Amino acid sequence: MLACELRLAGADVVVVERLAERTGESRAGGIHSRTLEVLDQRGVLDRFLAEGEPQPVGHFSGLYLDFDESESRHPYPLMILQSAVERLLEEWAGELGVRVRRSAAVSGIRQDAGGVTVELDTADGAAELRAGYLVGCDGGRSTVRKLAGIGFPGTDATMTALIGDVELPGLPEDYVWVRRTPGGDYSAIAFEPGWYRVITSEYDRVADRDEPATFEQLRESLVRVAGTDFGMHSPRWVSRFNDAARQADRYRKGRVLLAGDAAHIHFPAGGQGLNMGVQDAVNLGWKLASVVRGRAPESLLDSYHDERHPVGERVLHNTRAQAALARPGAATDALREVFGSLMVFDDVNRVLRHMLTALDVRYPVDGDHPMEGRRVFDADLKTDEGVIGVYQLLHGARPVLLDLCGSVEVTAAAAGWADRVDLVAARAEDELWPVPPVGEVPAPAALLIRPDGHVAWAADAGGEPDTAALRAALTTWFGPALEG
Ligand SMILES: Cc1cc2nc3c(=O)[nH]c(=O)nc-3n(C[C@H](O)[C@H](O)[C@H](O)COP(=O)(O)OP(=O)(O)OC[C@H]3O[C@@H](n4cnc5c(N)ncnc54)[C@H](O)[C@@H]3O)c2cc1C
């Protein structure tokens, strides 16, 4: 995702991957509303929708959450396996001309004032690459993070979960959704005809993280927790995960940055890890490309940490809460019952839904307009070419100044950025736009939208647009105005 974002913004990028080919491991089971929106912003969502299955509900620690159709054009979790997500992203990257160098493992890095030298172990021996910047997207055990000396504080695992994609003839029903027993919990979900994903969680053991997970261990665990192995056989993939929760203490050290699991690991409850990684990438891509292309000062990169670290912190927090709600025992049973009874209230459901979908994320901003700092809704706009959605304007990953009131002042104020910012004149079709968690907000008179879909500046209809604030936002995010 990051490579695609960088290419779209005109940077030269190479992906270095240790493996010779994609693993095809199913891993993450779905993507949430904000990630669906982000893909929509780039015009590639249809590919994912074609391979996925929208779900009617989401969940918080196995307790059902409802979605609200008015908040997003994609108010559902999309069930799609990570193997498909990785394939679709790689195909898109190929179309954009991203080079992928496989069978090359990063083994050393040297930073200096002008760039980063990356040492590689390849099938043909040692090699080196020279780059302006290096982003470690190399997973929870990130070599890049360790080599850069970035701390990864957090909490250790307190439980062990085993996961396997298997055939399962003996299950009495198609779907077992988190069944709690005194020994832990288990679930069995038919992802595709003929095979199931089986997960067991046990809370009285912490496996050695380097010990390989085996089918036999999964079988033994299922017998301990469920009392039977349901006759499961023919495993395609078996793995292990736990509730260790850690976060990089800084997302940038000089010319080295971190994104995805390299920056944060946590219990996979609620399915947020892959989503957060994709959204890290969309926050970082356009900023890094601007810096690399000399259009913005290096300090712009600090906003990546400032904006994304708190998002990661919140996910660690809510997944710790979900892990606590999952432990066996009478006290947790009671807690789940109380929690579940609260979740039927719209307000409670909404808070948790926003937390998991990340629709309510607000990046720190100077302004106080309710849209500023938040993701823009894909509202319908009337233009000379017909009705289009806001996200169509973001396909090229360029900033957009949306003038919805024909303001001469707004157009004039942005003249110095015409080379970098697309000025679009339109009319809003709807009077109210949804802005989670605020609610419905009157359609603005003008908006400055960053390439990641977050609003950098907004003006209300009926007032004088604050063009000084607009110019300040343009300078902060897209560099100084051109002279003349
Ligand atoms: C059981 C389970 C269920 C999950 N369900 C969900 C879900 O429903 N939704 C969700 O959003 N998330 C979910 N997740 C989390 C999700 O799988 C991860 O967050 C996601 O894979 C992280 O992506 P990444 O690209 O950051 O890291 P990874 O997927 O770990 O990719 C890192 C890549 O870097 C490569 N690499 C590593 N070291 C080097 C090196 N030295 N040199 C070169 N290459 C290297 C690796 O080979 C790998 O290809 C789940 C996780 C688990 C375990």
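Predicted model: local features only at pLDDT ≥ 70, side-chain atom pairs only at ≥ 80, totals over all residues.
**Exercise 1. Describe the surroundings of the ligand and its polar contacts.**

Solution. Step one is the shell: 26 residues surround the ligand, the closest being Glu17, Gln82, Asp261, Leu274 and Asn275 (a residue is near if one of its heavy atoms lies within 4 Å). By class, the shell has 11 nonpolar, 10 polar and 5 charged residues; here Ala, Val, Leu, Ile, Met, Phe, Trp, Tyr, Cys and Pro count as nonpolar, Asp, Glu, Lys and Arg as charged, and the others, Gly among them, as polar. Strand 8 (104-112) and helix 7 (273-292) each supply at least two shell residues; helices (H or I, at least four residues) and strands (E, at least two) are DSSP runs, numbered from the N terminus.

Step two is the contacts (pairs of N or O atoms within 3.5 Å). An oxygen atom of the ligand lies 2.8 Å from a polar side-chain atom of Asn275. For Leu274, a backbone N or O atom is 2.8 Å from a ligand oxygen, and for Gly273 a polar backbone atom is 3.3 Å from one. Taken alone, the ligand exposes 1,000 Å², and the protein buries 81% of that (Shrake-Rupley method, 1.4 Å probe).

**Exercise 2. Identify what lines the second largest cavity.**

Solution. A cavity is a set of points, on a 1 Å grid over the protein atoms alone, where a 1.4 Å probe fits but cannot get out; lining residues have an atom within 4 Å of a point. The second largest cavity holds about 70 Å³, a volume being the space filled by probe spheres set on the points, which are joined across faces, edges and corners. Its lining includes Arg34, Val38, Gln279, Arg308 and His454. Helix 7 gives the most, with 3 residues. By class, the lining has 5 nonpolar, 3 polar and 3 charged residues.

Terms used. Residues numbered from 1 in each chain as written. Heavy atoms only, no water. Polar contact = N/O pair within 3.5 Å; in protein donor to acceptor, adjacent residues only side chain to side chain. 1 Å grid on protein atoms, 1.4 Å probe; cavity = no way out; pocket = protein on both sides within 12 Å on 5 of 7 lines; lining within 4 Å.
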